[in-house]
Amino acid sequence: MDESDADRASAERLDRDDPLAWCAERFAVPDEIYLDGNSLGPLSADAERALDDTVDEWRELGIRGWTDADPPWFRYGERLGDRLAPLVGARESEVVVANSTTVNIHTLIGTFLDGLDGSSKILVNELDFPTDHYAIRAQFRQRGLDPDEHLVVVESDDGRTIDEERVVRAMDDHDVGILFMPSVLYRSGQLLDIEYLTRAAHERDVLAGFDLAHSIGVVPHELSNHDVDFAVWCSYKYLNAGPGAIAGLYVNEEHFGATPALAGWWGHEKETQFEMNPQFTPAADTGAYQIGTIPILSAAPLDGALDLIEEVGIDAIREKSLALSSYLVALVDERLDDSFECSVGTPRDPNRRGGHVATEHPEAERIAQALTEDGVVVDFRPPNVVRLCPSPLYTGYADVWDAVERWREILDSGAHERFDADRSGVT
Ligand SMILES: *Cc1c(COP(=O)(O)O)cnc(C)c1O
């Protein structure tokens, strides 16, 4: 940005010209600057209405809600899958909502391992969100395979990013059967090239799966077009579906008919599910990966939250997200520069960036605490990252400006120094 743009009036001007500024009114963001939507998105009026309506239906219909609610609860997982399909660029039958992300990793990794020769290795990276590795290791153990031998971990050159070329070389160097990578790294915010990695995997006869937890709802995807084999994601980050909301998964139609590793009656062919046959006949599509009864109260807010996302469209969401994160990167460079020892750990190329920005500082943990106490809700990721997520549906340019200014004031006054850096808890 020009030096002259680095003031609050310019930020206000950007807000006035923002075609998505009206969306913020649909959210109940507390009276603070909420930059933690990549951990837990806030409540929207739409999500709350859908949840309230569902509670009313439970009260009024009882068991009949499975068939008579609007929409009926029985096919709620499939219905939400249909609504999510455009967000991930998939055919409707390839997407369903079910379970949690971790459970979906268990069932899909287990299923695809079973379909291979049984001794396949899985390629991941050292900057992954830990639950992904926990689940994959457990799936190896259940098949009598040593996880240390079968989990191949690509290392990072700089502790922030993963070089895609290195991923490809690792597929050449090891007998890999499945590539499983995040779309966006949870700490640095690097966006990996799903199309490129999938093509490279397929050229080597490797299956390609992705964890979209940090991109769904803020980055468009084309899973079917890019021939991705499978994917998982959660709904409580950029989809704003609420704490512990139901997760989602995608399986390419080419793999329909596999036997789910974690089977349950909710994944049964719907038409005959209530015949209660002891023989499991999985649904013909991705619905087969549902396990138990859908938690309707954790799914209803997603049905509401999707209204706004559909109305705005994922391309407009991505456009504003990149404008906001570019603005934030420029402000960190200009206002929190060398004298404050802050630096941007997220790739500067917008095509390699998800929705959040990692700002690094040796005192990151205390700064995150001081900011949050000061009404700028952020989170800390060890060892030295403050994550700032200007989620586009409810964050404005002036919010970003104010957050950076408060950060400056904190460092200027030393306000962070009174916080204990060894706190533990949920952030
Ligand atoms: C948030 C997140 C998860 C969360 O998994 P849950 O089962 O919902 O707890 C998993 N993987 C990644 C990459 C995440 O960012």
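Predicted model: local features only at pLDDT ≥ 70, side-chain atom pairs only at ≥ 80, totals over all residues.
Local features need pLDDT of at least 70 and side-chain atom pairs count only at pLDDT 80 or more, whereas totals for chains, interfaces and linings use all residues. Residues are numbered from 1 along each chain as its sequence is written, and side-chain values use heavy atoms, with hydrogens and water left out.

Helices (H or I, at least four residues) and strands (E, at least two) are DSSP runs, numbered from the N terminus. Two strands pair if DSSP finds at least two bridges between them. Seven strands form an open sheet in the order β2-β8-β7-β6-β5-β3-β4, and their pairing is mixed. At the edges stand β2 (95-97) and β4 (151-154); each has a single partner strand, so one side of each is left without a neighbour in the sheet. From one strand to the next, the twist averages 20 degrees. Within this sheet, strand β3 (residues 121-125) pairs with strand β5 (residues 176-182) in the parallel sense over three bridges, and Leu-123 stands opposite Leu-179 in β5.

Helices accompany the sheet. Contact means heavy atoms within 4.5 Å, and angles run from 0 to 180 degrees between N-to-C directions, with axes being lines fitted to C-alpha atoms, for helices over the stretch in contact. Helix α4 (residues 76-88) packs on the sheet and touches β2 and β7 (230-233), its direction making about 125 degrees with that of β2. Helix α9 (residues 194-203) lies across β5 and β6 (207-211) and runs at about 155 degrees to β6.

A residue is buried under 20% relative accessible area, exposed over 50%, and partly exposed in between (1.4 Å probe, protein chains only). Eleven of the 15 residues of α5 (101-115) are buried, so this helix is largely enclosed by the rest of the structure. Among the buried residues are Thr-101, His-106 and Phe-112. The buried residues of α5 pack against β3, α6 (130-142), β5, β6, β7 and β8 (248-251).

Strand β9 (residues 343-344) and β10 run antiparallel and are joined by two bridges, with Thr-359 in β10 as the bridge partner of Val-344. Four bridges pair β10 with strand β13 (residues 385-388), also in the antiparallel sense, and Ala-358 stands opposite Arg-387 in β13.

Asn-252 is found in the loop between β8 and α10 (296-312). With 2% relative accessibility, Asn-252 counts as buried. Residues up to four places away in sequence aside, Asn-252 touches Arg-91, Glu-94, Asp-227, Val-228 and Asp-229. Although Asn-252 and Asp-227 are 25 residues apart along the chain, their C-alpha atoms are separated by 7.2 Å. The side chain of Asn-252 reaches the backbone oxygen of Val-228 at 3.2 Å.

A residue is near a molecule if one of its heavy atoms lies within 4 Å of it. The residues around the ligand include Ser-100, Thr-101, Asp-211, His-214 and Lys-237. An oxygen atom of the ligand is 2.6 Å from an N or O atom in the side chain of Lys-237, and an oxygen atom of the ligand is 3.2 Å from such an atom in the side chain of His-214. For Thr-101, a backbone N or O atom lies 3.5 Å from an oxygen atom of the ligand.

Notes
Expected span 1.5 Å × (residues − 1). Polar contact = N/O pair within 3.5 Å; in protein donor to acceptor, adjacent residues only side chain to side chain.
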